[in-house]
Amino acid sequence: MESNRGDVVVAMAEGVLLLDVAGPVQVLHWAGHRIRFASPDGAPVRTDVGAPLGVEGTIDDLAAGADTLLVPGYAVGQLLPPDLVRAVGAAAESARRVASVCTGAFVLAEAGLLDGRRATTHWLACAELAQRFPRIAVQPDAIYVRDGRIVTSAGVSAGIDMALALVEEDHGPEAARSIAKHLVVFLRRPGGQSQFSLHTGTATPRANGLRAAVDSVVADPAADHSLAALAARAAVSERHLTRLFRKEIGMTPAQYVERARIETAQRLLEAGDEGVATVARRSGLGSEETMRRTFLKRLGVTPTDYRNRFRAATR
């Protein structure tokens, strides 16, 4: 492969996710980059699984003029050390490229590096990222997003996808393809991260009418859930029901119904032996072709491909 283009400095703190570090680092190491580990104070850190990781020095010392500053993630909801945010923000000023893995996007966001940019993170944390940092254009379905010199990736293993894209940029497609084959992964993963998420995991609605409408969708996704039918069950006007959906659930009634039907179809494909046409009918997605178009549009994969990926291996 091509000679080393420059150092990759991995900026870490206590509790960093082990796979967020190991996956991208392995890819970049095989591409010929020199990997240097750093922490805010230059002390070793422990990963989320308790494994100790040694470092060569502080982020301030090692990241000055680094080719790539790599920021792994932490458990969703974990408080980020202020000294990590500060050090990453300072180091980013001189790095040619800054990349985050999973919830490492929150470190970049706290440092103000994502303001006015497109970005992504783990699907579990996309809504929080968008809510806390409204100046970021969050891309919830993306595996990774590049906006200028900053690259962010989705959850955990998506860091490998992102690292392969960086290798392709630095060393060309053949180098990236060779590493992907060695890792036994796709060079470009089919579909987005929506295929892994749980769309309808929303909080229980406060309004009784809305709760009745939502419960009816969950109980029988294949039933008539037109706006008129839902409004009748909620005993409110169609306009008021739409307002309630937007306020408490963050989507329109039609969007909620579609997502509930997709999630039902996902469960049926994962756990059962029924044909795709039967799954389409039982989930409320209608015909096999309609379900195929919906899956491609929302998940980026066909129902058959989804089943092949997520069906229980013991069946």
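I began with the lining of the second largest pocket, to which helix H4 (104-110) and helix H5 (126-132) each contribute at least two residues. The model I consulted is a predicted one. I noted 13 lining residues for this pocket, with Gly77, Gln78, Leu80, Phe106 and Arg132 nearest its centre. I recorded its volume as about 170 Å³.

I then turned to a residue of helix H5, namely Leu129. Is Leu129 buried or exposed? I found a relative accessibility of 0%, and because buried means under 20%, Leu129 counts as buried. I next looked up which residues touch Leu129, leaving aside its neighbours within four places in sequence. The contacts are Ala105, Phe106, Ala109, Thr121, Ile136 and Val138. I also checked Leu129 against Glu93: they stand 36 residues apart in sequence, and their C-alpha atoms are 22 Å apart in space.

Finally, I looked at the chain as a whole. I counted 14 helices and 11 strands in its secondary structure. The C-alpha trace spans about 65 × 40 × 35 Å along its principal axes. Of the 315 residues, 50% count as buried. Among contacts with a separation of 6 or more, I noted that 65% join residues 24 or more positions apart. The chain exposes about 14500 Å², of which carbon and sulfur atoms supply 52%.

Note on methods
Residues are numbered from 1 along each chain as its sequence is written. This is a predicted model: local features need pLDDT of at least 70, side-chain atom pairs count only at pLDDT 80 or more; totals for chains, interfaces and linings use all residues. Side-chain values use heavy atoms; hydrogens and water are left out. Helices (H or I, at least four residues) and strands (E, at least two) are DSSP runs, numbered from the N terminus. Buried means under 20% relative accessible area, exposed over 50%, partly exposed in between (1.4 Å probe, protein chains only). Contact means heavy atoms within 4.5 Å. Accessible areas come from the Shrake-Rupley method with a 1.4 Å probe; for residues, only the protein chains shown count as cover. On a 1 Å grid over the protein atoms alone, a cavity is a set of points where a 1.4 Å probe fits but cannot get out, and a pocket is an open set with protein on both sides within 12 Å along at least five of seven lines; lining residues have an atom within 4 Å of a point. Grid points are joined across faces, edges and corners, and a volume is the space filled by probe spheres set on the points.
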